[in-house]
Amino acid sequence: MMSNDYRIQVYGHEWAQQMLRLARQRHATRHAYLFLGPEHIGKTTLARAFAQALTCENPEGEMGLGACGRCRSCRLAAEGMHPDHRFFAPTGNQLVIEQIREVVREASRSPIESRFKVFIITSFERANVNAANALLKTLEEPSATTRIILVSHQPSGLLDTIISRCQLLRLRPLPEKVIITALQERAGLSEQDALRLARLSNGRLGTALALANDSDAWQTYNERITKMLTILDASTAERMAIAQAMEKEGHLETTLQEWLLWWRDVLMVQNHNAPLVINQDHLSELGQLAERIPQSQVRRFIEAMMATSGYLRRNVNRQLALEALLLKAPIGG
Ligand SMILES: [Zn+2]
């Protein structure tokens with residue numbers, strides 16, 4: 001990227017980029033969007049890039065979302081300093097009504113210097129019912145110069161009345177080769193290292209970049225793996241307590257995905273396919289598990305994790321689903 005190119009780069013999601021670019025070119029953007037998809041796949045980056053394109057002074061081109069990347073507005077957008085871009089995220093655990101009231105108040109005012117005023121509200125599933133309801137009227141009767149982008153990874157936390165007033169874009173995890181390219185470009189990784197992190201992150205670029213750039217992310221990852229290993233030796237009561245704590249902590253989908261890949265690795269070792277193991281730096285622990293736990297139990301637990309991932313995407317009692325899963329975890333022996 002040239003140093004004077006301030007375009008906010010989006011990896012993958014080409015169909016969504018094209019759809020949003022065409023809508024902008026045809027002056028047919030909707031007043032409210034909902035970007036829905038798993039955690040860490042670039043939903044907020046896409047929202048920021050769309051906001052940049054909406055306020056660009058010389059939108060152009062057939063690439064990305066069509067922001068020029070050179071005007072003052074694009075530079076401010078890239079720096080997160082654009083006066084017509086407003087970001088809202090949960091404070092603590094919730095999006096509260098005061099935040100939504102601020103959105104409503106500001107949405108009724110004209111943009112300061114651009115054609116549009118763009119609001120990006122992340123983790124919208126954490127808006128409580130009062131807060132979500134407070135936004136309904138603004139979504140129904142928007143000002144012509146206001147664009148609102150809601151971002152969420154959990155459809156079960158959203159009111160139908162909100163979803164029906166937005167254009168819904170369902171975003172998916174990114175293909176492995178997109179992640180590999182991004183890791184090489186953004187983090188300077190070798191192809192082999194990039195491949196490993198791409199597998200481990202399972203289509204979630206944010207996770208892959210965090211693991212590449214941030215030693216804390218590795219530590220968190222290793223802690224979650226360690227926690228899973230303690231479950232094997234835990235009693236029924238202890239497993240219930242762990243399930244409860246995990247549900248409170250959140251990031252269940254991410255955690256389950258990591259566990260799934262871990263147990264897939266155990267299966268790989270059991271089947272003498274160690275070169276295909278993703279967690280190459282944990283080969284000795286994987287080897288011990290491969291010896292201790294019968295393969296039939298490993299397979300059963302993998303199936304249970306896949307089923308639980310499916311339940312979590314639907315509207316289930318998350319804690320019950322998790323408790324049931326932990327009771328099915330192999331016993332360490
Ligand atoms: Zn521009």
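In which loop does R204 lie? Select R204: this residue lies in the loop between α8 (191-201) and α9 (205-213), where helices (H or I, at least four residues) are DSSP runs numbered from the N terminus. The model is predicted, so local features need pLDDT of at least 70 and side-chain atom pairs count only at pLDDT 80 or more, while totals for chains, interfaces and linings use all residues. Residues are numbered from 1 along each chain as its sequence is written, and side-chain values use heavy atoms, with hydrogens and water left out.

**The surroundings of R204**

R204 counts as buried because its relative accessibility is 6%; buried means under 20% relative accessible area, with a 1.4 Å probe and protein chains only. Next, select I179, whose C-alpha atom is separated from that of R204 by 7.8 Å, although the two residues are 25 apart along the chain. Leaving aside neighbours within four places in sequence, R204 is in contact with E39, H40, I41, I179, T254 and Q257. Contact here means heavy atoms within 4.5 Å.

**The zinc site**

Now select the zinc ion. Its protein donors are C56, C68, C71 and C74, each through SG, at 2.3 to 2.4 Å. Donors are N, O and S atoms within 2.8 Å of the metal (3.2 Å for Na, K and Ca). The angles among the four donor atoms are 101 to 120°, and the site is tetrahedral, a term that requires all angles to lie between 85 and 135 degrees. The donor residues follow the sequence spacing C-x11-C-x2-C-x2-C. Of these residues, C71 and C74 are buried.

**Helices α1 and α2**

Select residues 14-25 (α1) and 43-55 (α2), which pack at an angle of about 20° with their axes 11 Å apart. Axes are lines fitted to C-alpha atoms, for helices over the stretch in contact, and angles run from 0 to 180 degrees between N-to-C directions. The two helices, α1 and α2, are therefore roughly parallel to each other, as angles under 35 degrees count as such. To view the contact, display A16, Q17, L20 and R24 of α1 with L46, F50, A53 and L54 of α2.

**Helices α11 and α15**

Finally, select residues 236-249 (α11) and 318-328 (α15). Among the residues that make the contact are R239, I242 and M246 of α11 and L322, L326 and L327 of α15.

Note on methods: Tetrahedral: all angles 85-135°; square planar, octahedral: opposite > 155°, others 65-115°. Buried < 20%, exposed > 50% of the residue type's maximum accessible area, 1.4 Å probe, protein only. Parallel < 35°, antiparallel > 145°, perpendicular 65-115°, else oblique.
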